[in-house]
Amino acid sequence: MDMSLARLQFSWSSVMAGKRVESWSRFLLLWLYRFARGLSLLSSSLDREKLQLKSPKQGSRNRILSIVWRCLVVLIYTGVLPLLTGSTIGKRLESYADLFAFIQAISVSVLAVISFMIQAKEECKFREVLNRYLCLYQRICSATRLQQLFPPKFVVFFLLKLFFTLCGCFHEVIPLLKDEHFENVGMIMAVVVGIYMWLGTLFVLDACFLGFLVSGILYEHMAANIMAMLKRMEPIESEEEGSRMTHYRRMRLLCDFADELDECAAIYSELYEVTISFRRMLQWQILFYVYYNFINICLMLYEYILHYLNDDEVALVSLVMASVKLANLVLLIMCADYTVSESQKPKRLPLEIVCSDMDERWDKSVETFLSQLQTQRLEMKVLGFFHLNNEFILLILSAIISYLFILLQFGITGGFEASEDIKNQFD
């Protein structure tokens, strides 16, 4: 009696914990949706009953105002770009490091504008992909008979990524809030529009991480559902007295399980298509994400070595921010690798062994499902340049370490003190 009561209490506490995690997850996602609406990145309204994003009516006032606002922001940002990067452009370039910083500042600004324009142009596709994710969520809840799908790690990784984003945002936005940037209306407009554009860019970049995380979690639930299904099929093969089933009972159960596997195959196919569509839609932003964080790591390591050689206490700040940028990259890549790994889990399950040669329909469903997995092999390839997997992390680390050794050798030999010949090349 006491054991049954303890189990009941444990089960109830687990359900309540799951509901709290689900409510937190929905709260975070709803807050993210409202933030996107506030930045005019989304003009769609949310239908909470159907759990779908509704497109604004063609020619509606809000839609026209949204388009005009985005065009105006891009034009203003392009116009105030020299003021915004004046600290870099205005000073005299005295070394190749200064030239490198100049190119980095311009390229990041240009790519931010391109990212904003791509997102504004493809909002319809973005809304369609989000709606397909929402439909898949409801469909997987029905297939797995679960009331909530988001585990605690979703909230943990979401908040961890948010923390790294805020650290980077404060480090980059605070220098824009100096007194000299508020001396005239032009500079004030440059700062406000620059911060607005940068917040929108950060949102789109973090959406890349969030999409991979959600896909991985959905794949994980589907793999767990198939494993549970195989566990339920074990009594069918039992030959023990008292638990042995009749031939009719076995065939009936196998037909039911074949239908369930066919539904899982259809969900896997849709989840694969949605994940690929998401990756294709945001691959330019993912490339920008990798480029931006890698370039910032290199520049911050350069600043760290330079400050360290000058016995400057600010050196530690550059090292910490380089670690934050590296953590941003690692989180995105590990999340993409996690999604790919979870999508391949059914291949490692004994689907071909369980109840094989007992029912032709079950065997056909298994063969079709495994062939589909082989055909729809998920890969996170970005514009054909590289794959987002854990091996890519090692490649980035090796590049950073090589760059760090070059900086150390350059600093030890006095290379940071630019000679007059080098300075004259930039005059």
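This is a predicted model: local features need pLDDT of at least 70, side-chain atom pairs count only at pLDDT 80 or more; totals for chains, interfaces and linings use all residues.
View 1. The structure as a whole holds 0 disulfides.

**View 2. The second largest pocket and the residues that line it.** This pocket has a volume of about 810 Å³, and its lining is made up of 23 residues, of which Leu29, Leu30, Tyr33, Leu130 and Leu134 lie nearest the centre. Helix 1 (2-38), helix 5 (123-144) and helix 7 (185-232) are the elements that each give two or more residues to the lining, and helix 7 gives the most, with 6 residues. Sorted by class, the lining of the second largest pocket has 20 nonpolar residues, 1 polar residue and 2 charged residues.

**View 3. The largest nonpolar core.** This core has 105 residues, and those with the most contacts inside it are Phe154, Phe212, Trp362 and Leu388. Helix 7 supplies the largest share of the core, with 22 residues.

**View 4. The surroundings of Phe154.** When its neighbours within four places in sequence are left aside, Phe154 is in contact with Ser25, Leu29, Leu210, Leu213, Val214 and Ile217. Among these partners of Phe154 is Leu29, and Leu29 is also one of the residues that lie nearest the centre of the second largest pocket.

Note on methods:
Residues are numbered from 1 along each chain as its sequence is written. Side-chain values use heavy atoms; hydrogens and water are left out. A disulfide is a pair of cysteine sulfur atoms within 2.5 Å. On a 1 Å grid over the protein atoms alone, a cavity is a set of points where a 1.4 Å probe fits but cannot get out, and a pocket is an open set with protein on both sides within 12 Å along at least five of seven lines; lining residues have an atom within 4 Å of a point. Grid points are joined across faces, edges and corners, and a volume is the space filled by probe spheres set on the points. Helices (H or I, at least four residues) and strands (E, at least two) are DSSP runs, numbered from the N terminus. Ala, Val, Leu, Ile, Met, Phe, Trp, Tyr, Cys and Pro count as nonpolar, Asp, Glu, Lys and Arg as charged, and the others, Gly among them, as polar. A nonpolar core is a set of buried Ala, Val, Leu, Ile, Met, Phe, Trp, Tyr and Cys residues joined through side-chain atoms within 4.5 Å. Buried means under 20% relative accessible area, exposed over 50%, partly exposed in between (1.4 Å probe, protein chains only). Contact means heavy atoms within 4.5 Å.
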